[in-house]
Amino acid sequence: MTIPVKQLSDPAVRSFVTALNAGDQSAVYDVLTPGATMADDGTDRDVREWLDREVFSTRGHMDVEAEADDGRALVARYRNDTWGEMRTRWHFTVEDGKVSRFETGQA
């Protein structure tokens, strides 16, 4: 069972997931702070390169299964055209209503 995106607790995380699922690059970057960082399976990556490779050019999509930490920690089925579908974990750091860091990896 998935949680509808519009019901995610944290507004910045909700905006991030909504934009990611829509493939809306501008909206994703609008919800990130200018110096936002990220990590994939514990390795820091360049945010823009990672988003282009893992989300925008491969039609990435998240179906959220669970949330914790006031909506800043998610477990989701993530899929894209490169890797197919996998169960993933996401943790977001939010500052002043924007995502300043996210960490993801297999759950």
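The side chains of T88 and W90 are joined by a polar contact of 2.9 Å, a term that covers a pair of N or O atoms within 3.5 Å in which, within protein, one must be able to donate a hydrogen and the other to accept it, with residues adjacent in sequence counted only if both atoms are side-chain atoms. The model is predicted, so local features need pLDDT of at least 70 and side-chain atom pairs count only at pLDDT 80 or more, whereas totals for chains, interfaces and linings use all residues. Residues are numbered from 1 along each chain as its sequence is written, and side-chain values use heavy atoms, leaving out hydrogens and water.

T88 belongs to strand 5 (strands are DSSP runs of E, at least two residues, and helices runs of H or I, at least four, numbered from the N terminus). With 3% relative accessibility, T88 counts as buried (under 20% relative accessible area with a 1.4 Å probe, protein chains only). Beyond its neighbours within four places in sequence, T88 has contacts (heavy atoms within 4.5 Å) that include L74, Y78 and T104.

Turning to the rings, the structure holds 10 aromatic pairs (Phe, Tyr or Trp rings, the six-membered one for Trp, with centres within 6.5 Å; stacked if the planes are under 30 degrees apart, edge-to-face if over 60, tilted otherwise). The F16 and F92 ring centres lie 5.2 Å apart with planes at 65 degrees, so this pair is edge-to-face. It links distant parts of the chain, with F16 in helix 1 and F92 in strand 5, 76 residues apart. Both F16 and F92 are buried. One aromatic cluster is formed by F16, W50, Y78, W90, F92 and F102.

How values were computed:
Buried means under 20% relative accessible area, exposed over 50%, partly exposed in between (1.4 Å probe, protein chains only).
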